[in-house]
Amino acid sequence: MTSEARTGEGAERRAPLARLPRDERRAQLLVAALEVFVNNGYHGAAMDEIAEAAKVSKPVLYQHFPSKRELYVALLESHLSNLKQMLITALNSTTDNKLRVQATMKAYFQFVANDDQAYRLVFESDLVNDHDVAVRLEKFNSEFADALGAVIAEDTLLGRLEAVLLGRALSGMAQVSARYWLEANGDLDLEVASDLVYRLAWRGISRFPKEQQGPSA
């Protein structure tokens with residue numbers, strides 16, 4: 001047998017695996033882990049299963065995430081960051097406060113529609129009462145409520161604490177309503193659902209006294 005033939009046989013027996021850049025591999029692992037965590041819960045998920053879903057070896061998985069907990073927290077932080085960015089973008093998309101409320105409510109529903117697994121991981125996981133997870137959820141809720149509160153305080157006669165309280169209320173309304181919409185399994189159109197919640201929120205928030213403007217010229 002010629003050396004060329006032996007070389008060809010070797011190439012057929014052992015094709016080299018593609019090496020992804022670190023960021024791409026990490027993203028691939030997070031996608032696989034999300035599905036496993038949502039389907040099995042944190043406590044029911046196994047690193048073996050996540051590695052299999054990602055089509056990598058366990059050593060590769062552990063190179064990127066030394067523990068199941070670190071993998072879960074990385075997922076949580078990624079999706080909370082995405083949701084926060086969507087909401088803040090909606091909040092800053094206009095200076096018309098009515099349209100701000102409408103855009104923000106729709107953004108919450110859109111996050112659920114875009115990736116219901118991400119929403120379930122963030123808000124319905126069996127680890128939501130864990131201290132580290134609870135701290136990250138509270139940080140997200142606090143920062144979003146502060147952003148809403150700043151807009152409310154700027155446009156009304158309310159103090160900061162009162163405005164942030166209303167921000168918390170609006171955030172909670174969006175979160176609970178979006179969760180119910182998800183459980184309705186598409187029986188209610190997203191536009192209709194988000195518009196209903198927006199109109200309820202605006203009817204309430206718009207009745208607060210407006211900040212007095214300076215005397216007209």
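The structure is a predicted model, in which local features need pLDDT of at least 70 and side-chain atom pairs count only at pLDDT 80 or more, whereas totals for chains, interfaces and linings use all residues. Residues are numbered from 1 along each chain as its sequence is written, and side-chain values use heavy atoms, with hydrogens and water left out.

The predictor's confidence in each residue is given by pLDDT, on a scale from 0 to 100. The chain has a mean pLDDT of 86, and 88% of its residues reach 70 or more. Over residues 3-17 the pLDDT is below 50, and this stretch has two contacts (heavy atoms within 4.5 Å) beyond near neighbours in sequence.

The chain contains 10 helices and zero strands; helices (H or I, at least four residues) and strands (E, at least two) are DSSP runs numbered from the N terminus. Among contacts with a separation of 6 or more, 69% join residues 24 or more positions apart. Of the 217 residues, 38% are buried, where buried means under 20% relative accessible area, exposed over 50%, and partly exposed in between (1.4 Å probe, protein chains only).

In soluble globular proteins, nonpolar side chains tend to be buried together. A nonpolar core is defined here as a set of buried Ala, Val, Leu, Ile, Met, Phe, Trp, Tyr and Cys residues joined through side-chain atoms within 4.5 Å. The largest such core has 61 residues, and those touching the most other members are Phe37, Ile50, Leu61, Leu71, Met105, Tyr108 and Tyr119. Elements giving two or more residues to this core include helix H2 (22-44), helix H5 (68-91) and helix H8 (131-155). The largest share, 10 residues, comes from H5. Because domain 1 (21-66) and domain 2 (75-206) both give residues to this core, it lies between them; the domain bounds come from an automatic or database domain assignment.

Tyr108 is in contact with residues including Leu83, Tyr119, Phe123 and Phe140, neighbours within four places in sequence being left aside. In H7, Ala118, Tyr119, Leu121, Val122 and Phe123 are buried. The cover over the buried residues of H7 includes H2, H5, H6, H8 and H9. At the start of H7, a side-chain oxygen of Asp115 reaches to within 3.2 Å of the backbone nitrogen of Gln117.

Definitions and conventions:
A polar contact is a pair of N or O atoms within 3.5 Å; within protein, one must be able to donate a hydrogen and the other to accept it, and residues adjacent in sequence count only if both atoms are side-chain atoms.
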